[in-house]
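Reader: Could you walk me through one part of this chain in detail, and then show me what sits around it? I'd like the cut-offs spelled out as you go.

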Amino acid sequence: MEFTLSGFEPIADRVYRAVAQPASVNIGLVVGSTGALLIDTGNSPAQGAMIRDAAQAVAGDVPLTHVALTHAHHDHLYGLAAFEDLDTISHRGLATWLAAGGPGPAELARFGMTDADLAQPTRTFGLATSIDLGDCHAELIHFGRGHTDHDVTVVVPLRRVAFFGDLLESSAPPACDEASWPAEWPKTLDGTLGALRRGFVVVPGHGAVMDRETAFMQRAEIHWYHDQAVELYDAGREASGAWQQDWPWPQEPSEAFVAQALARLEASGRPRTRKRSLTLHVR
Ligand SMILES: [Zn+2]
């Protein structure tokens, strides 16, 4: 596995994005007047150290003081050990997951790591917290479940930029797995996207930055996919074989999302009810 890091490129006033491999994850950097905030940490402690050096070089005289974690996936979390002396912050769901065993030895071994290489955040929060960087501040918000049960959005109002982790992606459709919450995902995005003013730069977990309107389009697609899942559920159908050419996403991510939505509907015990159609057109 090859670990690389692109240079930090500016995306807003003293706000930067770098891309770490594997997984092409976006790493964010916000430089204030008294401190700098890094968003996500890369795939391993060694990569985290590489990111730290690059971020500090960009921040110049301003010390790197804080790290925000958007969620617990390898490309966002596994570099955290390189920042253990800083104020590192996540939703408490991330710490709970780590305490319950976290990724496990086999998953860590893929990145040349053991449990000892996986650091804990120094503090956690439930709904929201803020970070003072001097001439600006960052708001860390958990509006609800979506990609995971502990997604954090980082909003920097004075710099008009917001980091969404994997709640949004621009290089591919949003990734949905057995830990995702398809029904709640659109509402979670509404909570943050709805509060952003026009002109905000939206940084997804993977891919180029987006504008607010493009982000709303992806939110609409996620909602649409959940509606498809509800229809399939009511019809007693499965995800496989449901995909059609005119669906917004390719077959694989479409089926992954619908399968997880169906699993959540099943687990909720929701009764299957066929919709009665309106007779709007009668011959
Ligand atoms: Zn993720």
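**One loop and its surroundings**

Ser 24 sits in the loop between strand 3 and strand 4. Here helices (H or I, at least four residues) and strands (E, at least two) are DSSP runs, numbered from the N terminus. Before going on, a word on the ground rules: this is a predicted model, so local features need pLDDT of at least 70 and side-chain atom pairs count only at pLDDT 80 or more, while totals for chains, interfaces and linings use all residues. Residues are numbered from 1 along each chain as its sequence is written, and side-chain values use heavy atoms, with hydrogens and water left out.

Ser 24 isn't a glycine, yet it has a positive phi of about 50°. Its relative accessible area is 30%, so it counts as partly exposed; buried means under 20%, exposed over 50%, and partly exposed in between, with a 1.4 Å probe and protein chains only.

Asp 40 is not a glycine either, and its phi is about 70°. With a relative accessible area of 1%, though, Asp 40 is buried.

Now for what these elements pack into. The largest nonpolar core has 31 residues, and Phe 8, Ile 27, Leu 29, Leu 38, Leu 64, Leu 77 and Phe 83 have the most contacts inside it. A nonpolar core, by the way, is a set of buried Ala, Val, Leu, Ile, Met, Phe, Trp, Tyr and Cys residues joined through side-chain atoms within 4.5 Å. Among the elements giving two or more residues to this core are strand 3 (15-21), strand 4 (25-31), strand 5 (36-39) and helix 1 (45-59). Strand 4 gives the most, with four residues. Nonpolar side chains tend to be buried together in soluble globular proteins.

Take Phe 8 as a way in: setting aside residues up to four places away in sequence, Phe 8 touches Tyr 16, Ala 18, Ile 27, Leu 29, Leu 38 and Ile 51, among others, where contact means heavy atoms within 4.5 Å. There is also another core, apart from this one, with 30 residues that include Leu 189, Ala 215, Phe 257 and Ala 261.

Ala 82, in the loop between helix 2 (74-77) and strand 7 (87-91), is buried at a relative accessible area of 18%. Beyond its neighbours within four places in sequence, Ala 82 is in contact with Pro 45, Gly 48, Ala 49 and Arg 52. Ala 82 and Ala 49 are 33 residues apart in sequence, but their C-alpha atoms are 5.1 Å apart. Thr 88 lies in strand 7 and is buried, with 1% relative accessibility. Its contacts, leaving out residues up to four places away, include Val 67, Phe 83 and Gln 120.

Zooming out, the chain has seven helices and 14 strands, and 50% of its 283 residues are buried. Among its contacts with a separation of 6 or more, 62% join residues 24 or more positions apart. Its C-alpha atoms fill a box of roughly 75 × 45 × 30 Å along the principal axes.
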